[in-house]
Amino acid sequence: SLKREELMQEVQMHMSERRFQHVLGVEETAIALAAKYGASEEKASIAALTHDYAKERPDEEFEMIILRDGYDQDLLNYGNAIWHGLVGASMVQRELGIEDEEILEAIRLHTTGAAKMSLLDKIIYVADYIEPGRNFPGVNEARELALVDLDETVAYETKHTLLHLIEKEQKIYPKTIETYNYWVARKA
Ligand code: DGI
Ligand code: FE
Ligand code: FE
Ligand code: FE
């Protein structure tokens, strides 16, 4: 598969400069988390560089793939926010030649999380939330938490993302609820 430099170039060509800077921030953060928590820094780098690869694809392309490739058709009731990782991973595989299932799964889960997450899944989920370009209330608390407890950071991110979505009256994807039930509510 592609070397880091080629991968970066390919990713950059598929998105705005602003989004590419986000991707580089996620990569830097994911590598640091991988070093701290003992995951592969190379896999963290590749997953981070490609996690939003499909984010600027047209809805019609996602809808065509969802109809064609045996996805749960309930996905059609959602939009780019849910599709770009879950379905976007198949574009990363096909177009960038990434076959590593751990990397593809981290891409699939990066927006919603899941009850069952690998160390790499957690790293990408959290790095996406706390990368240096993020600026929202609570991000510094999440950054500090990530220095001490990755699982607690997954819980914090999940709770705050859900609160934010509900505040905006957004449709909640069932997997997001599963993530909340496992990582947040199970502790109560
Ligand atoms: O792609 P990014 O902006 O870097 O970040 P992301 O992939 O984590 O999230 C994309 C958006 O998806 C973000 O605004 C939060 C939102 N999101 C997460 N879970 C859900 C959701 N949106 C809806 N409608 N439903 C969800 O369950
Ligand atoms: Fe994303
Ligand atoms: Fe995220
Ligand atoms: Fe992202």
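Visitor: How are the donor residues of the iron ion (ligand 4) spaced in sequence?

Guide: They run H-x28-H-D-x75-D. Bear in mind that this is a predicted model.

Visitor: What makes a residue count as a donor of the iron ion (ligand 4) here?

Guide: An N, O or S atom has to sit within 2.8 Å of the metal. His22 (NE2), His51 (NE2), Asp52 (OD) and Asp128 (OD) lie 2.2 Å from this ion, so they pass that cut-off and are called donors. Asp52, in the loop between H3 and H4, and Asp128, in helix H8, link distant parts of the chain, 76 residues apart.

Visitor: And which residues are the protein donors of the iron ion (ligand 2)?

Guide: Asp52 (OD), His84 (NE2) and His110 (NE2), lying 2.1 Å from that ion. Their spacing reads D-x31-H-x25-H.

Visitor: Why do you say that Asp52 and His110 tie parts together?

Guide: Asp52 lies in the loop between helix H3 (41-50) and helix H4 (59-68), while His110 lies in the loop between helix H7 (101-109) and helix H8 (119-130), so the pair joins parts 58 residues apart in sequence.

Visitor: Which residue coordinates both the iron ion (ligand 4) and the iron ion (ligand 2)?

Guide: Asp52 does, and those two ions are 3.5 Å apart. As for the iron ion (ligand 3), there are 5.6 Å between that ion and the iron ion (ligand 2).

Visitor: Are Asp52 and His110 buried or exposed?

Guide: Both are buried, and Asp128 is buried too. That label means under 20% relative accessible area.

Methods: Residues numbered from 1 in each chain as written. Chains lettered and ligands numbered in written order. Predicted model: local features only at pLDDT ≥ 70, side-chain atom pairs only at ≥ 80, totals over all residues. Heavy atoms only, no water. Donors = N, O, S within 2.8 Å, 3.2 Å for Na, K, Ca; no water. Helix = DSSP H or I, 4+ residues; strand = E, 2+ residues; numbered from the N terminus. Buried < 20%, exposed > 50% of the residue type's maximum accessible area, 1.4 Å probe, protein only.
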